[in-house]
Amino acid sequence: MNAKKVFVGIDIGASRTKVALIDAAGSLIGYAVEKSGTDFSAAAEKCLDSSLAMAKSSRKDIVHTISTGYGRKNVSFSNAAKTEISCHGKGCFHYFPLAIAIIDIGGQDNKIIKLDSEGRRLSFKMNRKCAAGTGAFLEEMSARLDIPLENMDSLARQSGHMVELGSFCTVFSGTEVLEKIRQGEKVTDITKGLFLSVIKRVLEMDSLSENVVMTGGVVAHNPYIVTMAEEILKKKILVPEHPQLTGAIGAALYASEAQI
Amino acid sequence: MNEEKKPARKKIHSTTEMNRIMAEYFYELDNAAKTGEKKIAWCTSVGPAEILRAMGFLVYFPENHAAMLGATRMSTDVIPLANARGYSPDICSYLTADIGAYIAGVTPLSKAYKGIEKVPKPDVLVYNTNQCRDVQDWFMWYAQMFKVPLIGINTHLGIRDVNDAHVASIVKQMEDLIKPLSAVSGKKFDLDELKQVVALSRACSDSWKKVLDTAAAVPSPITFFDGTIHMGPAVVLRGTKQAVDYYNLLLAELNERIRNKESALENERFRLYWDGMPVWGRLSDHAALFANLNTNVLASTYCNSWIFTDFDAADPFTSMARAYTKLFIVRSDEPKEQYIKDMLKFFKIDGIIYHDAKTCPNNSNCRYGMPKRLEEETKIPSLTLNGDLNDLRCVSDEQNKTNIEAFIEQLEESKPGL
């Protein structure tokens with residue numbers, strides 16, 4: 001019998017690997033985020049070690065591990081894999097046990113997942129094979145604007161006049177951004193326009209029900225996107241404490257159920 | 001964790017006989033093309049093949065060839081050749097694959113059938129736009145290449161109820177084919193011969209329907225992926241005795257499976273309906289993916305498109321006109337939705353997969369809100385996969401895989417304990 005039971009969720013996304021550890025009571029006791037890179041196993045191992053150190057636990061305490069995300073089948077020490085759709089739903093419902101529509105903006109994927117008041121999934125939509133509206137879109141645009149990715153949120157907040165971008169394609173949006181610079185538009189205004197582009201691409205994927213939750217790395221690092229989305233939707237949006245970890249937390253919750 | 005386990009999908013023994021009659025069919029065409037002993041007509045897959053057979057033509061179906069290009073994954077290599085000639089990457093990838101293969105001078109027939117070097121040269125091309133307008137443009141290319149006549153039928157589209165005016169219009173167009181066809185074949189039209197062919201087509205259709213309907217059994221003895229392979233004779237050999245005999249053989253094997261409670265999959269937990277075209281280049285991958293998830297995709301709109309219950313030998317022209325106009329693809333959304341609802345009930349379906357094929361809007365039924373409407377009415381969940389019938393540049397395997405796995409997880413949540 002383990003002295004300290006730890007349940008592990010590993011979310012290997014296209015851009016970042018996230019690990020969440022929960023205890024038997026379902027509380028988050030450790031977590032870490034790393035670049036996924038090209039060696040998913042190495043990223044998972046590194047993340048796991050960091051989160052175990054945070055939780056003051058060791059590998060012998062691990063009872064069950066569920067992996068999710070693009071690299072879900074590449075984790076040698078995982079007991080089972082589940083899709084990120086299920087895990088995001090599980091993680092969000094843990095924090096907001098309501099009928100919810102989850103908007104998850106990841107590095108490469110956008111999702112809208114709808115759950116009923118019992119947490120059962122009603123439907124889900126993923127973006128088509130296109131980077132519009134994803135974290136990869138913002139990464140590409142930050143390079144075009146020659147600004148650090150982490151500065152985008154504060155720049156967008158300073159905007160007094162938003163520049164709207166029309167293109168659907170990430171690469172052509174890059175060209176459009178250059179055109180706006182040539183026209184003398186401010187970087188702050190262009191950045192806010194880029195945020196609006198992300199929101200529009202996501203909102204057009206599905207209609208939204210009463211309670212909306214936003215998660216994902218883009219939201220975690222650019223909380224102003226949530227504020228803008230609230231203005232567009234004219235409603236309060238729920239955001240969990242660790243929006244980038246929702247999939248990993250959901251996987252950990254599945255791990256805790258699996259051992260029982 | 002290992003990526004995949006080997007799926008268990010049971011082999012259909014009748015396949016050997018199907019391969020034999022299909023080989024016989026292609027060799028007969030090849031021989032006719034080489035010797036000129038018989039005239040060859042190219043026909044669209046749901047075109048008036050009965051008239052052509054009754055007038056002594058051997059009938060070749062470019063759509064069947066295009067599907068072979070897709071299934072052998074030759075299509076993605078040759079499509080760009082057609083694109084370069086001005087055929088957009090956004091139009092039918094059956095068309096672009098087939099024309100691309102012609103430009104490249106390649107055919108999957110050469111690999112499958114020793115001695116066949118090229119597709120059989122047509123003496124006439126006959127289309128029916130009931131599938132889409134692209135077939136007409138497709139055949140026009142070959143009419144110009146081979147300098148042979150192009151004739152056809154222009155079917156009304158978006159029909160709610162097929163009425164006498166629709167049928168009369170198609171009958172007239174069918175009758176108008178006779179004169180130019182006689183000029184090519186040198187054979188006089190004989191109504192009794194047409195009646196015999198229509199009777200055989202009806203028998204083929206009836207047996208094919210019985211084959212597909214076996215999937216209503218629980219567990220199902222057949223999968224959609226089997227259906228896409230075994231529909232070959234219904235497409236290219238309808239109007240012949242070989243096709244009728246084949247489906248009776250296949251039906252007996254499937255009924256035997258039902259008697260023995262033998263499932264097409266080792267463990268059938270979920271039963272899905274497929275709407276739209278297959279992704280030909282991913283047929284075996286998709287079959288394995290679903291089988292690994294203990295899910296049987298067992299019924300489809302697509303395979304049922306070669307069921308023509310209106311064929312009546314006593315009234316061949318009118319019944320053919322009605323049969324070829326009552327097709328799902330020709331109809332408006334109301335009858336389409338009713339059709340799918342009936343299918344969901346009959347086959348005891350847990351979920352629907354819609355394939356949104358990039359280059360086939362006519363056969364992608366998810367673009368005008370149908371999935372949401374049907375989901376609200378039937379409470380049966382659905383998933384839309386983005387892909388294409390032949391152009392694998394439009395297919396994202398990883399995204400489709402995640403979507404499919406997530407969909408099955410959703411079904412598991414709604415049917416716990418299964």
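Reply: Contact, as used below, means heavy atoms within 4.5 Å. The model under discussion is predicted.

Me: Which residues does A:Lys111 touch, leaving out those up to four places away in sequence?

Reply: A:Lys111 belongs to strand β7 of chain A. By the contact criterion of heavy atoms within 4.5 Å, and not counting residues up to four places away in sequence, A:Lys111 touches A:Glu84, A:Ile85, A:His88, A:Ile102, A:Ile103, A:Asp104, A:Lys125, A:Met126 and A:Met205.

Me: Is A:Lys111 buried or exposed?

Reply: The term buried applies under 20% relative accessible area. The relative accessible area of A:Lys111 is 4%, so this lysine is buried.

Me: How far apart in space are A:Lys111 and A:Glu84, C-alpha to C-alpha?

Reply: A:Glu84 is among the residues that A:Lys111 touches. In sequence the two are 27 residues apart. From C-alpha to C-alpha, their separation in space is 9.5 Å.

Me: Which residues lie closest to the centre of the largest pocket?

Reply: The largest pocket has a volume of about 1,500 Å³. Its lining comprises 47 residues, and those closest to the centre are A:Phe124, A:Lys125, A:Met126, A:Met205 and B:Thr384.

Me: Which element gives the most to the lining of the largest pocket?

Reply: At least two lining residues each come from β7 (110-115) and β8 (121-126) of chain A, and from α16, β8 (382-387) and α17 (397-414) of chain B. By class, the lining divides into 15 nonpolar, 15 polar and 17 charged residues. The element that gives the most, with 7 residues, is α17(B).

Me: How do the residues lining the second largest pocket divide by class?

Reply: The second largest pocket has a volume of about 970 Å³. Of its 49 lining residues, B:Asn64, B:Ala67, B:Met68, B:Thr228 and B:Trp280 are the closest to its centre. In chain B, α1 (15-35), α3 (62-71), α6 (108-112), α7, α10 and α11 (232-236) each supply at least two residues of the lining. The division by class is 28 nonpolar, 12 polar and 9 charged.

Me: What is the phi of B:Arg73, which follows α3(B)?

Reply: B:Arg73 comes after helix α3(B). The phi of B:Arg73 is positive, near 60°.

Me: Where is B:Lys147, which has a positive phi although it is not a glycine?

Reply: The phi of B:Lys147 is about 55°. With a relative accessible area of 72%, B:Lys147 is exposed. Its place in chain B is the loop between α7 (134-146) and β4 (150-153).

Me: What is the relative accessibility of B:Lys348?

Reply: B:Lys348 is not a glycine, yet has a positive phi of about 55°. This lysine is found in the loop of chain B between α15 (333-346) and β7 (351-357). B:Lys348 counts as partly exposed, its relative accessibility being 43%.

Me: Where is B:Pro219, whose peptide bond from B:Val218 is cis?

Reply: The bond from B:Val218 to B:Pro219 has omega near 0°. B:Pro219 lies in chain B, in the loop between α9 (191-213) and α10 (224-230).

Me: Which residues touch the most other members of the largest nonpolar core?

Reply: The largest nonpolar core has 148 residues. One of its members, B:Leu181, touches B:Ile51, B:Leu52, B:Met55, B:Phe57, B:Val124, B:Val126 and B:Ile151, not counting residues up to four places away in sequence. Those that touch the most other members are B:Tyr94, B:Leu181 and B:Trp208.

Definitions and conventions
Residues are numbered from 1 along each chain as its sequence is written. Chains are lettered from A and ligands numbered from 1 in the order in which they are written. This is a predicted model: local features need pLDDT of at least 70, side-chain atom pairs count only at pLDDT 80 or more; totals for chains, interfaces and linings use all residues. Side-chain values use heavy atoms; hydrogens and water are left out. Helices (H or I, at least four residues) and strands (E, at least two) are DSSP runs, numbered from the N terminus. Buried means under 20% relative accessible area, exposed over 50%, partly exposed in between (1.4 Å probe, protein chains only). On a 1 Å grid over the protein atoms alone, a cavity is a set of points where a 1.4 Å probe fits but cannot get out, and a pocket is an open set with protein on both sides within 12 Å along at least five of seven lines; lining residues have an atom within 4 Å of a point. Grid points are joined across faces, edges and corners, and a volume is the space filled by probe spheres set on the points. Ala, Val, Leu, Ile, Met, Phe, Trp, Tyr, Cys and Pro count as nonpolar, Asp, Glu, Lys and Arg as charged, and the others, Gly among them, as polar. A nonpolar core is a set of buried Ala, Val, Leu, Ile, Met, Phe, Trp, Tyr and Cys residues joined through side-chain atoms within 4.5 Å.
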